[in-house]
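Here is a friendly walk through one model, written for someone who likes to know the cut-offs behind each term. Keep the viewer open as you read.

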Amino acid sequence: MAARCQLLVGMGGVGKTQLAADYARRAWQLRQIDLLVWITAATRQAVIDAYAKAGADVQGADTADPHRGATEFLAWLEAKPGVAPCRWLIVLDDVADPGDLTGLWPPASPYGRTLVTTRRRDAALSRHGRALAVGVFTPDDATAYLAEVLAGAGRHEPPAQLAALSDDLGYLPLALSQAAAYLTDSDLDCVTYRRMLADRISRLPDLLPEYHTLPDEQGATVAAAFSLSIERADRLRPAGLAQSMLQIASMLDPNGIPQDVLTSEPARIHLARSRAVPGTRNGDTPAVTEDEAVGALRALHRLSLIDHTPSTPHQAVRVHQLIQRAVREPLLHEQLGHCARTAADSLIATWPDVEGDMDLAQAMRANASSLANYAGEALYRPAAHPVLHRAGTSLADSGQKTATRDYYQHLATTTQRLLGADHRDTLAARSELASWQGRAGDPSGAAAAFELLLADRLRILGPDHPDTMTSRQELTWWRGEAGDPAAAVTAFEELLADRLHVLGPDHPDTLTTRHNLAWWRGVAGDAAGAAAGFEQLSADRLRIQGPDHSDTLHARRNLAWWRGTAGDAAGAVAGFEELLADQLRVLGADHRDTLDTRRNLAWWRREAGDPAAAMAAFERLLADRLRLLGPDHPRTLDTRRELAWCRAATAGATEALAAFEELLTEQLRVLGADHRDTLDTRYHIAWRRGMAGDAAGAVAAFEELLADRLSALGADHHDTLDTRGRLAWWRGTAGDAAGAVAGFEELLADQLRLLGADHIDTLNTRREIAVCRGDAGDAAGTVASLEELLTDQLRVLGADHSNVLDTRRYLAWWRGMAGDAAGAAADFAELVVVELRVLGADHAETLDTRHDLAWWRGRAGDAAGAVAAFEELLPDRLRVMGADHPDTLRARHDLAWWRGRAGDVAGAVADLEELLPDQLRVLGADHRHTLGTRRDLSWWRDMGEEHSTSR
């Protein structure tokens, strides 16, 4: 050893004594020392007696006075001039108390060395030498050790089982040694032994050798080694608290317990009980302060029973799993139950209501999981402890839908087994299970589960019980999610009548039912009705619950959303801006609802025609999501998807496609192939593939997606129907007009059956059929169909709805394609006026309509008017969308075309020559717009040559 005094520090069982013995043996065998003194330093007197005996052996000193003999021996160890040196090694094994060595430390000498083994980590020890931490084996070393020991006894076990057993024993050398001896003596195989080890009925002493048959000349069993340290820790200040603190820690996660949990009020009440004098009242017991609770942790740390690192508050306390087991097993059933409930109360007392810190949330869930495993039935008597549901809520907040569903499946099974099928906690767990079954992607299964639950609650609680009505509400919701929104509206109307009768108009549950009714009216196609419902609900929530209540804020959020969906994108932006200001004041910048509102505001800014502002907002939101939630949280991934969508509006389909493909890789890793968000991203990839010019690739991608959505969601799910519509659309774009019409007509039949004639999706499909017929050559039939559709849309949606504006745009176009160019120009001119009022001058659709108006003016014979209109449009395209956006490039192309048609052939050629390099750079050589420009440039060059020749 380089240092003259070294300390081997670690918990009991890590092999400190064996390491010291091995070092001493080697030093003696190699003749590196002349004197070896081994002292079991459990007490001060033991050290004095050993020194005195060593003095008698080497000096012939009188042992009648041990103190004097010890002093003389220590003096003899000092180097003296003119005296032949003696090379010595003093081993002080298992020092129990640093104070025991006061005045008894071997002297510093160039010829002597001191080796100390101890479980203590006091600063008083480290002042005398360099401390070396001795920990457990590494996994590989532990497995190799077991294999070697068992092989020496003629035993050979599968390496995977040895690795698993090593993990079961926490890689503790003492436990591994004794387990190997037990396996050999009892002739058990590893699988059987691990099963016994996991069995709560089997106790640790029964799974290790008896005291008199310990291997390697070991002096104590695992449990005994720990119990000695616990007794010593309990004597340290604050006296009498360490053991009780370790009892709580033994119920929690060995890999890290937040310090606040162990210093919480429930934990301190438990510690105070250990101070109580028998016969005194609880109120007479001195309270334990937070400082004293921390002191108990430090006492345990000093004895190496725990690792206490306050600098990592979420995992401040770590404790070996075998120490935990050695502490739990001696507890009586009642004591174990009390410790478990204390640990559960401590978790609840410190678990944040709003989880902004994902690392802390994960630590709390890990501790709740360990507690549930160790506590057994204690957390279910007399009822399920709230920590069981809080752990599920936290898992849900983390975005892990499938894991949350599985958690509640386990909870429902356990509550039914322990509490009975009709217990309220069993029914509550079944309700959560059904809900998360739906959220994990199985709405039909959720509806079926709620149907069974409703029958049981009707039988047990009656029709008017709040839980029964809640089950009706959930059943209705998931039936809507399963593809029947019209039925959901009807059922919510019936439920609302019952809640008004039983609870009255101002009860929170009545208001919740009104909320759900308004929502499903919107989903069923009545966006204006939904907005009206939320407007009334917001006013009532404001009156009853106040402006800052979460339900009031939630109603305002949905009011803004449905206003936008009803066609008032600017109104949605204004509503979300006002809501965001209030949420920042009430909830703070990092609250989940505040972040969601920022997402919605960015979304509607894009819909209102400001994609650049929307993209900037999504970029800022993504940075905050990454900071608060991490890269793998579903909401972070959602924001990345929406950012990619915005990029499509500002930078083009190719860049958006790359962003979506990168996102898909992460979603497949984090969420899995069948997750709804993963399927949504595949939808966007298929769409953007088509928008990038690969219509055939879009068809193939939508065909693959449709098969997976049918498998995951069923034929009648909204997403499945939507995918069928997109597949039909891209078939038409790829040149298969007949196939597109057939696909849309089959879809329309199903939408009429599931959604009804007035649903917005049904109306949209009618428009797609009309357009496909025009693509197939029946322009006049398309005009007639669109005129009929427009009448229905005006009745259902109103004149300013975005879908109505879309239909007017299609009608104007196909009127021109049917031969009425002047009529098309007139229609587009009227539409521009409406869009300027409803959408604003910079909205993408307003700019598109101005583009179409310019084009049809030219087709109607006013080429100069077309040039003037395109010259006015192009600066606005450049300002709003940028120079490289496909729509900006298209405007430059069409301006060049109509410049030529107006007689300026040279200007047309110059414009197209300037445009072509930009298209090659942005779109690529094979893009249809690039090919079109090359074709047109050649044509106008030829026209210029003919004009020159004719002159």
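## A tyrosine in a loop

Tyr171 is placed in the loop between α6 (159-168) and α7 (173-186); helices (H or I, at least four residues) and strands (E, at least two) are DSSP runs, numbered from the N terminus. Phi of Tyr171 is near 60 degrees, a positive value in a residue other than glycine. Tyr171 is also buried, with a relative accessible area of 17%; buried means under 20% relative accessible area, exposed over 50% and partly exposed in between (1.4 Å probe, protein chains only).

A word on the ground rules: this is a predicted model, in which local features need pLDDT of at least 70 and side-chain atom pairs count only at pLDDT 80 or more, while totals for chains, interfaces and linings use all residues. Residues are numbered from 1 along each chain as its sequence is written, and side-chain values use heavy atoms, with hydrogens and water left out.

## Strands around β4

Strand β4 (residues 112-118) is mostly covered, with six of its seven residues buried. Strand β1 (residues 5-9) runs parallel to β4 and is joined to it by five bridges; two strands pair if DSSP finds at least two bridges between them. Here Leu7 stands opposite Val116 of β4.

Strand β3 (residues 88-95) also runs parallel to β4, through six bridges, and Val91 has Leu115 in β4 as its bridge partner. Asp94 lies in strand β3 and has a positive phi of about 60 degrees although it is not a glycine. At 16% relative accessibility, Asp94 counts as buried.

## Aromatic pairs and charges over rings

How many aromatic pairs does the structure hold? There are 16 of them, where rings of Phe, Tyr and Trp (its six-membered ring) pair if their centres lie within 6.5 Å, and planes under 30 degrees apart count as stacked, over 60 as edge-to-face and the rest as tilted. Trp477 and Trp520 form an edge-to-face pair, at 5.1 Å centre to centre and 80 degrees between the planes. Trp477 belongs to helix α21 (residues 466-481) and Trp520 to helix α23 (residues 508-523), so this pair ties together parts that are 43 residues apart in sequence. Trp520 is buried, at a relative accessible area of 2%. For Trp897 and Trp940, the ring centres are 5.4 Å apart and the planes are at 70 degrees, so the pair is edge-to-face. Trp897 lies in helix α41 (residues 886-901) and Trp940 in helix α43 (residues 928-950), so this pair ties together parts that are 43 residues apart in sequence. Trp940 counts as buried, at 2% relative accessibility.

Elsewhere, Tyr51, Phe73 and Trp76 form one aromatic cluster. The charged end of Arg439 sits over the ring of Trp436, 4.4 Å from its centre, and Arg606 lies over the face of Trp603, at 4.5 Å from the ring centre.

## Helices up close

Helix α1 (residues 16-29) has 14 residues that should span 20 Å at 1.5 Å a residue, and its end C-alpha atoms are 20 Å apart, which agrees; the expected span is 1.5 Å times one less than the number of residues. Which residues of α1 are buried? They are Lys16, Ala20, Tyr23, Ala24 and Ala27. These cover an arc of only 95 degrees around the axis, which puts them on the same side of α1; the arc is that of the directions from the helix axis to the C-beta atoms.

In helix α35 (residues 760-775), 13 of the 16 residues are buried, so the helix is largely enclosed by the rest of the structure. Just after α35, Gly777 takes a positive phi of about 115 degrees.

## Cis peptides and cysteines

The peptide bond from Arg237 to Pro238 is cis, with omega near -5 degrees, and Pro238 is in the loop between α9 (222-235) and α10 (242-249). The bond from Arg381 to Pro382 is cis too, with omega near 0 degrees.

The disulfide count comes to zero, a disulfide being a pair of cysteine sulfur atoms within 2.5 Å. For Cys5, the nearest cysteine sulfur is that of Cys86, 18 Å away.

Conventions
Lys NZ or Arg CZ within 6 Å of the ring centre and 35° of its normal.
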